[in-house]
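Here are my notes for you, one point at a time. Have the model open while you read, and click along.

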Amino acid sequence: MARRLTAFTPSGELHLGNYFGAIEPLVRQQIPGETLVFVSDLHALTLPHDPAEVRARTTSFAALLLACGVDPRRSLFAVQSQVPEHAELHYLLECVAGFGEARRMIQFKEKSARGQQVRVSLLTYPILMAADILLYDTEEVPVGEDQRQHVELARDIALRFNAAYRPVFTVPRAVNPPVAARIMDLITPTAKMSKSVAAAGSLRLLDPPEVLRRKVMRATTDGSTEVSYDPEQRPGVANLLTILSACTGTEPARLAETFGGYGDLKRTVADAVVALVEPIRRRYDELIDEDLGDLLTAGAAAARELARPKVIAAREAIGLLPAYAETPGIRPIA
């Protein structure tokens, strides 16, 4: 299997859509030496933020990913900012990236078009994302369509660097995540479930059982009473059937045939969601009370062992002198 990298930015709250779309496929396919998982906390700094909240969410995301089944024995698991090579390579790649191609990235384009004041980091974070990918000879990056352009930028930068200086980077490719349920917002079922908005429509992995049940029971359906799977005409009911299908492994259309009304459907969906999420939440509660420092330190050390040779090669290729630690007999001035 090709080496794959997946990263989760610690903003908002991870929800059922994140679980089925990214976390569960990742957990199922973990292969030592080939699976890399990061909490990408540097990406959380591109917008106004509370420093204490970023630190707390970074720890929370790490604990939650572990609770979902990310296994540091089978995956390289680390926090991005604890591996300084990410930031170092970011600058080197900025020196070969173009302003125009960075400006075309969707988040910067949308926010700057609204006249909002934006940080320079919002312009350059796709180049940091390229550094995240290229540091580890990543071959495949599972992404949805909204992130595909970032992988294309990483490809362009790698090809340009390799041609201008010498071959240093593996050229990655975007791959579709394994087929997963497309989980929509419970209140607005024509929109995807969101990490950051519409809490009432989002089944969050840390919601307690009573909250999950209340959200499902209040989910949008329609004026009919018949349960059928029709994503175009009846998106609310289709979304509930999709969620149940993801939890049970039975096709949504077949599930629809087993229900006589919305009340029974909603109760069954609520039971299935609670049965899936509650063990994760209990494991999270155990982990968040533990000191994850040693585990994350070990992950960062393993990541640095992989990343440092790549930065050294990039420094040499682009024309920099070796760093102190890379030059025999030279020490920093005391």
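1. Let's start with the charged pairs: a search of the whole structure turns up 16 salt bridges. By salt bridge I mean a side-chain nitrogen of Lys or Arg within 4 Å of a carboxyl oxygen of Asp or Glu. Before you go further, note that this is a predicted model, where local features need pLDDT of at least 70 and side-chain atom pairs count only at pLDDT 80 or more, while totals for chains, interfaces and linings use all residues. Residues are numbered from 1 along each chain as its sequence is written, and side-chain values use heavy atoms, with hydrogens and water left out.

2. Have a look at glutamate 140 and arginine 4, whose side chains form a salt bridge at 2.7 Å, N to O. Glutamate 140 sits in strand β4 (residues 140–142) and arginine 4 in strand β1 (residues 4–8), so this pair ties together parts that are 136 residues apart in sequence. Helices (H or I, at least four residues) and strands (E, at least two) are DSSP runs, numbered from the N terminus. Glutamate 140 and arginine 4 are both buried; the cut-offs are under 20% relative accessible area for buried, over 50% for exposed and partly exposed in between, with a 1.4 Å probe and protein chains only.

3. Next, glutamate 85 pairs with arginine 308 in a salt bridge, with 3.6 Å between the closest N and O atoms. This pair links distant parts of the chain, as glutamate 85 belongs to helix α3 (residues 85–94) and arginine 308 to helix α12 (residues 293–318), 223 residues apart. Glutamate 85 and arginine 308 are both buried.

4. Now the domains. The assignment for the chain gives domain 1 (4–180 + 292–318) and domain 2 (209–287); such bounds come from an automatic or database domain assignment. The C-alpha centres of the two domains are 32 Å apart. How many residues of domain 1 are in contact with domain 2? There are 10 from domain 1, touching 10 from domain 2, where contact means heavy atoms within 4.5 Å.

5. Lysine 195 is worth a click. You'll find lysine 195 in the loop between β5 (173–175) and α8 (209–217), partly exposed at 21% relative accessibility. Its C-alpha is 7.5 Å from that of serine 11, although the two are 184 residues apart along the chain. Setting aside neighbours within four places in sequence, the contacts of lysine 195 are Thr9, Ser11, Gly12, Glu13, Leu14, His15, Asn18, Phe61 and Arg204.

6. Valine 171 sits in the loop between α7 (148–164) and β5 and is partly exposed, with 28% relative accessibility. Valine 171 and alanine 181 are 10 residues apart along the chain, with 29 Å between their C-alpha atoms. Not counting residues up to four places away in sequence, valine 171 touches Arg155, Ala158, Leu159 and Asn162.

7. One backbone angle to check: phi of aspartate 137 is near 50 degrees, a positive value in a residue other than glycine. Aspartate 137 is in the loop between α6 (120–134) and β4, and at 30% relative accessibility aspartate 137 is partly exposed.

8. Last, the second largest pocket, which holds about 210 Å³ of space. Its lining includes Arg182, Tyr229, Glu232 and Asn239.

Key. On a 1 Å grid over the protein atoms alone, a cavity is a set of points where a 1.4 Å probe fits but cannot get out, and a pocket is an open set with protein on both sides within 12 Å along at least five of seven lines; lining residues have an atom within 4 Å of a point. Grid points are joined across faces, edges and corners, and a volume is the space filled by probe spheres set on the points.
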